[in-house]
Amino acid sequence: MTIAYSKSFDSYVVAALFDSLDEPIVALADGRVVFPDLDAEFDSHPNAGILCAVVHPTGLGIVTGGDDGRVVWTTKDSGPIELASHKGAWIDVMTAAPEAQTIAYAAAKTVYLLDLLSKAQRVFRHDHSVSGIAFDPKGRKLYCSTYNGVNVWFSRIAEQKPQKLFWAGSHTAIAMQPAGDFLITAMQENALHGWRLKDSKDMRMGGYPAKIKSIDFFAKGKLLATSGANGAVVWPFLRSNGPMGEEASEINPQDGAMVTVVSGAPEETLLAAGLDDGRVWIAELQSTGIDWVKAEKGAAITALAMSNEANRLVFGDEEGFVYIYEGSE
Amino acid sequence: MPDSAATSTKTPVTVLTGYLGAGKTTLLNRILTENHGQKYAVIVNEFGEIGIDNDLIVGADEEVFEMNNGCVCCTVRGDLIRILSGLMKRKGKFDAIIVETTGLADPGPVAQTFFVDEEIKAKTYLDSVTTLVDARHFDQALKDGREAKEQVAFADHIILNKTDLVSPEKLDEIEARLKGLNPLATIQRAHRSDVPIKALLNQHRFDLSKMEKVENHHDHGHDHDHDHDHDHGHGHGHGHDHHHHGPAHGEPGHVHDEHCGHDHHDHHHANPGHGEAGHVHDEHCSHQINPIHDEEIKSVSLSSETPMDGVKFTKWLDKLLAEQGQDILRAKGILNVAGEEKRLVFQAVHMILEGELQQPWREGEKRLSRAVFIGRNLDQAALKAGFEACVVQ
């Protein structure tokens, strides 16, 4: 259980993730994409910044959206490849559907969908800026969080009117439960909102002291972890009602510090959290064992991901330090 | 705001407002092209207007939404929250941020955004709401609707632009009306948005520590008949610069009296003379322009020499803002709280109130409590009564 890698890149760490081969990849605000295992980096957005990133739908490499209006796929073997370019746009939201081989991203009020198989490109216009996008598990529908709720679009239809999931207020992020039964948004007012999709039933999940910026379903989609409190907040999705009527648990709350980012193991009840004081912990929720991965304080943690095998963590902070932690297993 | 500017690592934000045609685009183009040694990220309302290719220019959507923040309900700019948090990832690429609003925009939601969103508040501070006023079309703008008036009432800094297109008498009249709408803002005259860029940005005008500007505004002779002295020889030598007062003024904590209560002339500032470009117009002094008050938007200045009951005052102010916050555009004050060696300073944007204890009163300084409210439908008598009821009995 050690920090196996640490390096300063002197630029805000926008995203840290593992691709499907468990290759750690980091996206930096100055436009670089870093492959720490190879000690390789690419200037994927020259003279510009990266605002968002996801694993490519094939599972290989990273797709980044930038303030240069470009969408770039960077792999360790081929380096950066431009997938799309929209002059003057800030691409700050992105998601990918491996099942459908599509990427969706947004700049302000417009959502673009790239179909990698048919090469089709579709445009979905909204009345307000889009803050988050999520696909259903099959990639057939696209859920776009915006002001006053979520707009739902069919990915494969060009001209259509979206279905609306209405909830007043400003929704700032979105996550789809892996089984596709529940949709969750974070709201400007320090709360989550949820919908049970089969009947559009609303769920209000409040009580947070701060804005929720990180939402992650983990443990086979049975648990939802979020930032926005002194500890990581975990909601159960064990029954058909989801978290309705259930209490959330706050894991490892720390006085004077806030969790800024969470990441859980896809298959296990293992959860990691990064804090605004630079610390990072990992917890096995069934044994209540908590380990400090990084106990020294520093700049706020801005990105964190757990590998698919749950044996490694990659994370980075506001000042551009990137770390990889390896478990003992 | 409570971060005292000088030591702050937060990024300063200047909000640039102004009625249609007031010269915002000209000014932005200057900011982006002139060699002034500073780099700015600019959030513009219409992307095409600025003919400059620069990845630090971002288009905004003016998306205003109502937010329920505990007991305070206010409107904020959602697109601004999103864009600012994106920009903050590239901290270091620029020194400051400028937010341009459309000519018809209410500056309230923009300003409130900097107080309501925690993340924005933690990383940026509102440096100044700067309003450009077109001298030639000012009368028409006031007639068109309430936007132009509110932009003036909201400002920390007013640039009276296109001064070469009207007579000196007309300029003085406009300035008098600006003062009537907003006694707190500094007024600077310009021809073609030709103000020194350095004097425009990063001035900490919104900062609580600059509260010396809240002077004793009580009663400045409401001579609506305009018979104040226009005969102000342009050669007079007190062109001192308000931007550099405060610490740079020589005396620590110098309280600048806009009403010429003391002699300014011992402050040696080599500024351009009156009428020249870049002249920083002094508010009052011997070139006395008395405010012309407006029927709709008023300012009410209150003061008291008796120490205030801090608890009572806070309760009164909270209640006032809760009930009349929609109409109160801006409020600022410095208070002498009984039993407290430090000044209590506050400022409010509509219902959002921020206050803190700041530097102690100086020895021998007159501990005068004062507050200024700018807004619509203000009831001067009721405000005065409420304020005076907060003094220690």
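**The interface and the chains behind it**

Modeller: At the interface, 28 residues of chain A are in contact with 23 residues of chain B, where contact means heavy atoms within 4.5 Å. This is a predicted model, in which local features need pLDDT of at least 70, side-chain atom pairs count only at pLDDT 80 or more, and totals for chains, interfaces and linings use all residues; side-chain values use heavy atoms, with hydrogens and water left out. Residues are numbered from 1 along each chain as its sequence is written, while chains are lettered from A and ligands numbered from 1 in the order in which they are written.

Chains A and B bury about 2,100 Å² between them, and carbon and sulfur atoms give 47% of that area. Buried area is the accessible area (1.4 Å probe) that two parts lose on being put together, summed over both. On the side of chain A, the residues that lose the most area to chain B are A:W90, A:Q188 and A:E189, which together account for 26% of what that side buries.

Five salt bridges are found across this interface, a salt bridge being a side-chain nitrogen of Lys or Arg within 4 Å of a carboxyl oxygen of Asp or Glu. A salt bridge links the side chains of A:K213 and B:E119 at 2.8 Å, N to O.

Helices (H or I, at least four residues) and strands (E, at least two) are DSSP runs, numbered from the N terminus. Of its 393 residues, 59% are buried, that is, under 20% relative accessible area, with exposed over 50% and partly exposed in between (1.4 Å probe, protein chains only). Among contacts in chain B between residues at least 6 apart in sequence, 77% connect residues at least 24 apart.

Helix α3 of chain B (residues 107-116) has 10 of its 10 residues buried, so the rest of the structure largely encloses it. At the start of α3(B), a side-chain oxygen of B:D106 comes to within 2.8 Å of the backbone nitrogen of B:G108.

Two further residues of chain B show what surrounds a buried position. B:T131, in strand β7 (residues 124-134) of chain B, is buried at a relative accessible area of 1%. Its side chain makes a polar contact of 2.8 Å with that of B:T17. Not counting residues up to four places away in sequence, B:T131 touches several others, including B:G18, B:Q151, B:H157 and B:I159. B:L27, in helix α1 (residues 24-33) of chain B, is buried at 0% relative accessibility. B:L27 lies 11 residues from B:L16 in sequence and 9.6 Å from it in space, C-alpha to C-alpha. Apart from neighbours within four places in sequence, the contacts of B:L27 include B:L16, B:L132, B:I159 and B:V195.

In chain A, strand β15 (residues 141-154) has 10 of its 14 residues buried, so it too is largely enclosed by the rest of the structure.

Note on methods. Polar contact = N/O pair within 3.5 Å; in protein donor to acceptor, adjacent residues only side chain to side chain.
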